[in-house]
Amino acid sequence: MNHWTLLLYIAVMAVTTYLIRMIPFTLFRRQIHSNFVRSLLYYLPYAVLSAMTFPSIFYATGDPITATVGTVVALVLAYCRLPLIVVALAAAAAAWIAGLIV
Amino acid sequence: MRSPYGKGLLHGVPIALGYLSVSFGLGIKASQLGLPVWAAVLTSLTNLTSAGQAAGLDIIAAAGTLVEMILTQLVINLRYSMMGFSLSQKLDGTFTTSRRLLVSFGITDEVYAVAVSQPGRLTASYMLGLISLPVVGWTLGTLLGGVAGQLLPASLTAAMGLVLYGMFLAIILPPARKERSVLLVVLLAAAFSVVCKYLLPFISGGFAVIISALLAAVIGAWLFPIKEEVAE
């Protein structure tokens, strides 16, 4: 693939992603008073992250056993409110160590 | 005393550190797909999205069509629209149109999570500070990953696939522990997503996430409407 084709792909990707972010953030000026819509917007990010994580997390390492070990470690540490980076790296480290043993 | 920009920068440090390791994985993925390091770095600098970029790199590697690229980004990244929409409710008077144009570039899951949990209204300087370091971390991590891609053993790069999801869990679990309503929404979204994957496999991954998340959030909003108004 030549450099110009590659650049075209990246440009299309970047413009699409930017417009998705920019349009609602920039053009929407009214305050929403509907309690249902505000509640929906409050719950949505948690719902999106949860739906993205499950069941994909069990496929993230290419091996369900090491992925499950990493998932359990992440769940426990996240439940204990450890910082993002600690949870993320500990999950990967646990899966890596499990891979060495299995 | 700390300026709003400085406060934003500080709040962005943990996000940037997390991104360093997650985008490292994207750099490795790009090099495994045979894409040049500069392309991976440019993609990260201009997109700032984990799942969207991972899917985008696959499309580039498979020489997919541009229509496919646009639709995929639209479906995977549509959550940023909802987040931008949600944040637009919390902005103060310092947010001119040009500042909105600039800050909207940096809306990510983690930036949203931090920004939306701030008490009161959001200033433009705080938001600019908040997105600065994550953009640097995301781009730098991709560069390091792309360069290191060939050097690291496969077992290590496979395990790094968990970094992204570990971060997601670290974002959703503490509020789920605190509020039963959030816990219910999180469990429902996960359950719907699992059902889509195994019982309704004809729904593509991106659409499955949107359907599952919307359903769970609608049920949450219906059963447990939030009480407090956004602070004026």
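Predicted model: local features only at pLDDT ≥ 70, side-chain atom pairs only at ≥ 80, totals over all residues.
**Entry 1: the surface patch**

Which helix gives the largest share of the patch? I noted α7(B), with six residues. The patch is formed by B:L10, B:V13, B:L17, B:L133, B:V136, B:L140, B:L143, B:L144 and B:V147. Together they have about 700 Å² of accessible area.

Next I picked B:L144, which lies in helix α7 of chain B. Is B:L144 buried, partly exposed or exposed? Its relative accessibility is 42%, so B:L144 counts as partly exposed, since that class runs between 20% and 50%.

**Entry 2: the core**

Then I turned to the inside. In soluble globular proteins, nonpolar side chains tend to be buried together. Here the largest nonpolar core has 85 residues, and B:L87, B:M127 and B:L169 have the most contacts inside it. Helix α9 (residues 163–178) of chain B gives the most to this core, namely 11 residues. Where does the core lie? Domain 1 (4–160) and domain 2 (179–232) of chain B both contribute residues, so the core lies between them.

**Entry 3: around B:L87**

I listed the contacts of B:L87, leaving out neighbours within four places in sequence. In chain B they are I107, Y112, A115, V116, L122 and M127. B:L87 also touches A:F25, from chain A.

**Entry 4: the two domains**

Last, I checked the spacing in chain B: the C-alpha centres of domain 1 and domain 2 lie 23 Å apart.

Technical notes: Residues numbered from 1 in each chain as written. Chains lettered and ligands numbered in written order. Heavy atoms only, no water. Core = buried A, V, L, I, M, F, W, Y, C linked by side-chain atoms within 4.5 Å. Buried < 20%, exposed > 50% of the residue type's maximum accessible area, 1.4 Å probe, protein only. Helix = DSSP H or I, 4+ residues; strand = E, 2+ residues; numbered from the N terminus. Domains from an automatic or database assignment. Contact = heavy atoms within 4.5 Å. Patch = residues over 30% accessible without salt bridge, like charges linked within 9 Å, V, L, I, M, F, W, Y side chains within 5 Å. Areas by Shrake-Rupley, 256 points an atom, 1.4 Å probe, with all protein chains shown as cover. Salt bridge = Lys/Arg side-chain N within 4 Å of Asp/Glu carboxyl O.
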